[in-house]
Amino acid sequence: MEGTRNRELFGVDDLVPVRFAGVTARQGGTATLAVGAAHGATREASWAVYPQGTRRTEGARRLGTLRVTRVGALASEAEVVDEEPSGAITSGCRAVEEAAPAGAGALRVELQVPSGADEGRRLAEDIESNRLLGLVLPGQGGDVRVYLLPPRAEPAADDPVPQLGRLTTHTWVIIGTDGAVQAPPRPSSSPTAGLQVLDDLEVIARYRNALEIENRDPANPLSASVEMVLHRRLPDGRWVPALPEPGGGIAYHAGDVVGFTITNRTDRDLYVTVLDFGLTWRIGMLYPPDGRIEEPLKPGVTVRVAMDGSDDGAFTLDFPAGFPFVPTPDARPREGVEYFKAFVTSAPLDPEPLLQDAVSLSRGETDGAHLAEHPGADSPLGRLLALALAGMGTRDVVRKRRPAPEEWATVTHRIVLRDPAPSVELPGTDTPVVVGAVRIRAAGLLGRATATEPSSGRTRDLEAVAPGFEAVLEAEGVTVERSVEIEQAREVAPASRSTAQGEPALEVEVPGPGPGLGQMLLAADEGEVLTWNFAAAPVDGAREAQGDGWRTYRVRRAVPAADPSVGTRGLLGAAGKKLLKVLVFPLLDPLIGRVGEHFARKWEEARRPYRVRTFTPDDYARPDGREIVPAEWESLSSGRALLFVHGTFSRAHSAFGALPLDDVRRLHELYGGRVFALDHFTLSDDPFANARWFLSRIPAGLTLDVDIICHSRGGLVSRVLAERPDVGPEGSGRVRAHKVVFAAAPNAGTVLADTRHMGDMLDSYTNLLNFLPDNGVTDVLEGVITVAKQLAVGVVAGLPGLRSMVPDGDFVRQLNSGPRGDARYFALAADYEPTIPGWRDFVKDRLMDRVFGVENDLVVPTRGVHNLSGSGYFPIEGPLLFTKSDGVAHSGFFGSRAAREKIFEWLQA
């Protein structure tokens, strides 16, 4: 039956509803009320108490007052403030709320209607008498605003809800705080228009009530009991975790296929129900499938929901019909927020009564009675949900039994759904195509380009980025502003443009990042080879002045074949397609300062400080090795010690972390525990400065006898210590080096340190991590990004640590001009060629043919480690040389058993 709510059945009198809550228990000065979060109960609210059976408060005997002190799911605890006579408040009494604390209540509604309109008066009365709603005065900060708009021609600039356009009749409309329309507009000419508006408000309120349900009890035994991870299906069929945007929420596009995993992290059976809180205030069930609510999720088990690889049962996100209720005036791409919410219980929860169309639940408060009595609502959470969605107010429909212990929890994911990403075909000519806000010229290249745009602020769009890389980007303040994917790329004619290295290129133009931001482009090809790209600037710092203009990038366009036998393994997971990711970063780092000439030094001071650290079996592979204290220098000088010195972008724990634990223990036995390491600046100080700092730490008058194991640029620091022991400041100690083991040291320099090839250096290190990851990924990536920021703003000054490795530079010439001393040198060097097809082609085409021109380990020329002219220490006799067939790259020496055995042989000789 439908009609005016709260009207006497078959009568004409309207009844004033009295919302009672039963007193279910009394112990001392505390009473229990059968009203909880589901009913909108709030702490500090005052409740008047009346005798059992009271139906109206007028003329009824008042027994006393309760003040709510704790709100549970369905019941609340209250302090007895006063009562007459003493002990009058007992189980069975009835209470009604007298005063709620400021700000309490449900959906706050601001009403904007023409003065004197009867429809507005009636709606205001209904809102004031509705437990789910609260009427606020204009300007008091409502959750929604309700307008009754008069007929109008085209709206003026200051008219409310301009997106409704022309109106031919008085129209009800509900808008949110963001100005978006929250429900279908209702012409007031309909006799039920006011009731429909009230129903819409109740639907919104119930949705919000159910969505906000959380068990905030700190002693909740099911807290963090279940992990739910949302995934997205990529075009090639792979599933990857969906990563949140910086402001919270996971972004999907209409048409995306979504799935999720649920893992029981406890040692007990649990029951999980996942509901979808949709864009139009509707709620549906996602899990369990086929209504199998009696099947528990076993301890330690992970289930994959809608991720079986087929489209049967897959969840495809899309905008429901009618969303948005009214489009925005500027026709922006659609965007809405929905939620996947998991309810975790220790007993089965039947959600079936909750999954009806929300409008059908809004027809009168008594509709929810059957929900509260439903067997599936026997648990506190089940009844809490039922009452929240059914709008039960505080009527005593749960008096038949007391709730069981509240063992339940929730997991909520916020989803931002957007219109499909723009896509366009590449024509194969030099004619530019526009995809999103990106212009691409790709003469001779065919394929389909799809853009991901930041339609609501900046988006990280890192769903295909390895979690470790994502964490580094975030830590370094780098955001993915926009992305372009090029699928099915194929070369059909020569390119009309080339990169700075002379490779065929496609040209990418993107809007400038705006004031206060820097920009660069990270590209991945079909073989997952990564390259850093920087827009050209005529002079240092000029790029910053370009402001909001367009930036042009020349990106390597080669189309290598993906290797299906290897699969996706890289930092971007880009197998089979090109990825162009436009990265932005603040020019003023809040902790380090401005990106410029001194940025690398300030970064190293903040993130990579100098220190002499312990290098024990317990901490050698950890970043938190303890700093050597003054009292330990005497111990280190009591016999020959072993010093580890790392290379570019690294620290001791990451450069040497691949050493097996047994080998580190063996080294400690060999040197009587006198094993330690130097962490030093590799970007902003040259090796002379590194050595001076180290020597300044040794107490005056003390001489250390050391052997040294060094890697990469650390070899140059070690040579200064061995060949120029007098470089220390006045009053410092000394070092007497006996044996130095060089692993991939640039003793003759490396062309990658030249200003023209610093981008190639970043590419080499990044791809080493991409294809041969080790425990130094984070350290090296942080350093790479720091240098990339400087290159992005056109500043190459302030990097003497890198410049010290230029083959014809001042440092290398000075170091390689001395006579032979007493130290003995040993060398590990490699000629490396990747076996992964795409990477192998990149190394051959760029590093071999265009950069090095000689055998190398991807960073350092092979012969430059052990065979050079000018220094009396070289050539080094008996080096261990790894050939292409050995597969040892620049960062792989300490993972090689042959290398480690040779090191022990040399140290014990």
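The model is a predicted one, in which local features require pLDDT of at least 70 and side-chain atom pairs count only at pLDDT 80 or more, whereas totals for chains, interfaces and linings use all residues. Residues are numbered from 1 along each chain as its sequence is written, and side-chain values use heavy atoms, with hydrogens and water left out.

Helices (H or I, at least four residues) and strands (E, at least two) are taken as DSSP runs and numbered from the N terminus, and two strands are said to pair if DSSP finds at least two bridges between them. Strand S39 itself, spanning residues 734–743, is mostly covered, since 7 of its 10 residues are buried, where buried denotes a relative accessible area under 20%, exposed one over 50%, and partly exposed the range in between (1.4 Å probe, protein chains only). Together with S38 and helix H11 (residues 714–723), S39 makes a right-handed β-α-β unit; a crossover is right-handed if, with the strands pointing away from the viewer, the path from the first strand over the helix to the second runs clockwise.

The bond from Phe323 to Pro324 is cis, with omega near -5 degrees, and Pro324 is placed in the loop between strand S19 (315–316) and strand S20 (335–345). Phe874 and Pro875 are likewise joined by a cis peptide bond, with omega about 0 degrees, and the place of Pro875 is in the loop between helix H17 (863–866) and strand S41 (880–882).

Positive phi values were also found in residues other than glycine. Ala224, which is not a glycine, has a positive phi of about 60 degrees and lies in the loop between helix H2 (193–211) and strand S12 (226–233), where Ala224 is exposed, with a relative accessible area of 67%. Phe649, also a residue other than glycine, has a phi near 70 degrees and is found in the loop between strand S36 (641–645) and helix H8 (652–655); at 1% relative accessibility, Phe649 counts as buried.
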